[in-house]
Amino acid sequence: MNETAHAIQVHTAAMLPVSSGANSGDDLGIAADLVLDDLYMLSPAACPLRLDLHALENGHFRIAEGSGTGRPGATVVLDSAITLMDPRSQAIEVLILVEVDAAGHVAQIYAMPLAPLVPKEEYRLVGIDRENAPLRYAQVACVSFTRGTRITLATGEQRPVEELKVGERVLTRDDGPQPVRWIGHHTVRAQGDFAPVMITRGTLHNENDLLVSPDHRLFVYQRSDELGAGRSEVLLKAAHLVNGESVFVQGGGFVDYFQILFDSHQIIFAEGIAAETLLIDPRTRSALPREVAETLSSRLEGHASRSLGEFEVGESLLARPDAAALIAKATRGR
């Protein structure tokens with residue numbers, strides 16, 4: 001079991017009813033009850049809810065204590081991925097998650113949009129996918145570098161991530177030169193949970209702009225504990241550093257995401273910043289192609305013992321506009 005809870009933004013089924021079609025008047029349902037071409041409309045008063053989940057080894061989830069919605073301890077099942085078409089003919093994927101009670105009955109249905117939904121707009125259901133929902137969820141959970149990000153190799157050379165090759169040795173913080181085992185790549189619309197975070201040049205002493213996935217964790221050594229974390233070494237999610245100026249969400253268009261996998265979860269150097277690589281756990285395992293997962297299964301034991309969760313700083317310590325400036329100060333010392 002993965003003991004680290006991860007937060008996702010969801011709407012309850014009642015917030016996304018069918019406005020017109022075969023199921024008119026019904027709330028969003030599971031895949032077996034959906035009808036193509038039905039129109040859905042997000043309720044005007046709807047706002048995203050925080051659902052905190054523990055990922056389980058069987059592919060399901062457990063609602064964590066302190067979750068913003070749902071019953072703590074309840075099981076959540078990933079039902080399907082649906083595709084909605086907005087009035088401008090743009091496709092938006094939505095993951096359907098189902099909370100079940102002790103008897104295995106549906107207690108609540110949640111919609112996790114992968115791009116923002118706008119209240120009062122009608123969305124036509126154009127696709128229902130029961131097979132690839134785990135892959136889509138894993139892609140959201142994977143930490144990713146964007147095209148053009150320069151990675152430091154064992155030789156000291158800095159090379160764009162898209163030019164790396166499997167087998168090449170990359171400089172890691174803890175284990176020195178390590179060979180790359182797999183490089184993943186997918187292209188998505190840069191909206192919602194997929195919109196990358198830009199850390200502008202110099203913000204964290206980075207030589208160039210660094211653009212990463214929002215949940216990507218950066219490893220920082222504080223000479224002085226400006227954050228009040230109680231330790232010198234900390235992991236910080238890029239999304240928690242957003243201040244709208246030196247760190248901001250770069251939405252719009254499409255983004256090419258690359259994932260780098262090693263035998264163990266590693267910290268490497270991207271544009272001079274220490275940043276984590278792909279961690280294989282119950283959330284992200286589905287991102288690996290089956291043949292890759294089978295080939296590497298005996299090599300990835302280091303991931304289970306090195307999640308580095310003990311170094312992660314919670315959002316509460318970073319919920320301030322000067323967080324990035326404080327970190328920059330802490331890494332320079334007084």
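Helices (H or I, at least four residues) and strands (E, at least two) are DSSP runs, numbered from the N terminus. This is a predicted model, in which local features need pLDDT of at least 70, side-chain atom pairs count only at pLDDT 80 or more, and totals for chains, interfaces and linings use all residues. Residues are numbered from 1 along each chain as its sequence is written, and side-chain values use heavy atoms, with hydrogens and water left out.

**P44 and its loop**
- P44 sits in the loop between β3 (39-41) and β4 (49-55).
- P44 is exposed, at a relative accessible area of 58%; the cut-offs are over 50% for exposed, under 20% for buried, and partly exposed in between (1.4 Å probe, protein chains only).
- P44 touches P119 and K120 (heavy atoms within 4.5 Å), leaving aside residues up to four places away in sequence.
- M15 lies 29 residues from P44 along the chain, and their C-alpha atoms are separated by 8.6 Å.

**Nonpolar cores**
- A nonpolar core is a set of buried Ala, Val, Leu, Ile, Met, Phe, Trp, Tyr and Cys residues joined through side-chain atoms within 4.5 Å.
- The largest has 28 residues, of which F145, I151, L218 and I260 touch the most other members.
- Elements giving this core two or more residues include β18 (217-221), β21 (254-261) and α5 (323-332).
- A second, separate core of 24 residues includes L53, V76, A81 and L95.
- Contacts of I260, not counting residues up to four places away in sequence, include F145, I151, W182 and L278.

**Cysteines**
- The structure holds 0 disulfides (pairs of cysteine sulfur atoms within 2.5 Å).
- C47 is partly exposed, at 42% relative accessibility.
- C142 is buried, at 3% relative accessibility.
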